[in-house]
Amino acid sequence: MRLLLPFLILLSLTTHSCREIPQPNDAQSASYDNNLPEIRYKQGDIKKLTWLAGAWKGVEEGRTLRQLFLFHDNNTLEIMDLTKGNGFESTFLTWYEGRYYFGPNREWAVRWIGEKDIRFDPVRPGVQPMTWTRQSDHQWLLVRHAPGQSPVLMERTETMQP
């Protein structure tokens, strides 16, 4: 009996110490977060993107894209995708912890904001880099940096009716 009690305590301690330690859901995602691209802009540089304000239309792989770009304050750009059936879906470019992020779950970190372009690098696995490049007051290119992807020419439009 005397030996049974220390054995049970030792067994209990061993069982407790062998519990599984919670891990991040996606170890690869954690490594992406630690390897964010160096940024080449300041928070106020979002004002360089005012050329995007308004309604745009383009064709990607045979389907029409309709987007509306709205600036809400000094550091938020809302992109409304109007091609989502009966309504729309909004995605935001927002400032968070010293950099801009884009996507519903901050899938992209902004690497640079220039006078005519903005570069997005992936933060999560399975997301491809992309660049938006101004061509004129009425056109810009959406470039998804993925094999087999062609640039999408976005053109300014006055109406966003289907």
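Reply: Start with glutamate 61, whose place is in the loop between strand 1 and strand 2. Strands here are DSSP E runs of at least two residues, numbered from the N terminus. This is a predicted model, in which local features need pLDDT of at least 70 and side-chain atom pairs count only at pLDDT 80 or more, while totals for chains, interfaces and linings use all residues. Residues are numbered from 1 along each chain as its sequence is written, and side-chain values use heavy atoms, with hydrogens and water left out.

Me: What is the phi of glutamate 61?
Reply: Positive, about 50°, although glutamate 61 is not a glycine.

Me: Is glutamate 61 buried or exposed?
Reply: Glutamate 61 counts as exposed because its relative accessibility is 69%. The cut-offs are under 20% relative accessible area for buried, over 50% for exposed and partly exposed in between, with a 1.4 Å probe and protein chains only.

Me: And where is glutamate 97?
Reply: In the loop between strand 4 and strand 5. Glutamate 97 is not a glycine either, and has a positive phi of about 50°. With 65% relative accessibility, glutamate 97 counts as exposed.

Me: Back to strand 1. How many bridges join it to strand 2?
Reply: Seven, and the two strands run antiparallel. Two strands pair if DSSP finds at least two bridges between them. Tryptophan 56 stands opposite glutamine 67 in strand 2. The hairpin of these strands has two residues between them.

Me: Which way do strand 1 and strand 10 pair?
Reply: In the antiparallel sense, over three bridges. Lysine 57 has glutamate 155 in strand 10 as its bridge partner.

Me: What about strand 8, what joins it to strand 9?
Reply: A hairpin, through two residues. Six bridges join these antiparallel strands, and threonine 131 stands opposite valine 143 in strand 9. Strand 8 also pairs with strand 7, antiparallel over four bridges. There, aspartate 117 has threonine 133 of strand 8 as its bridge partner.

Me: Different topic. How much space lies in the largest pocket?
Reply: About 540 Å³. A pocket is an open set of points on a 1 Å grid over the protein atoms alone, where a 1.4 Å probe fits, with protein on both sides within 12 Å along at least five of seven lines; lining residues have an atom within 4 Å of a point. The volume is the space filled by probe spheres set on the points, which are joined across faces, edges and corners.

Me: How do the lining residues divide?
Reply: Into 13 nonpolar, five polar and six charged. Here Ala, Val, Leu, Ile, Met, Phe, Trp, Tyr, Cys and Pro count as nonpolar, Asp, Glu, Lys and Arg as charged, and the others, Gly among them, as polar.
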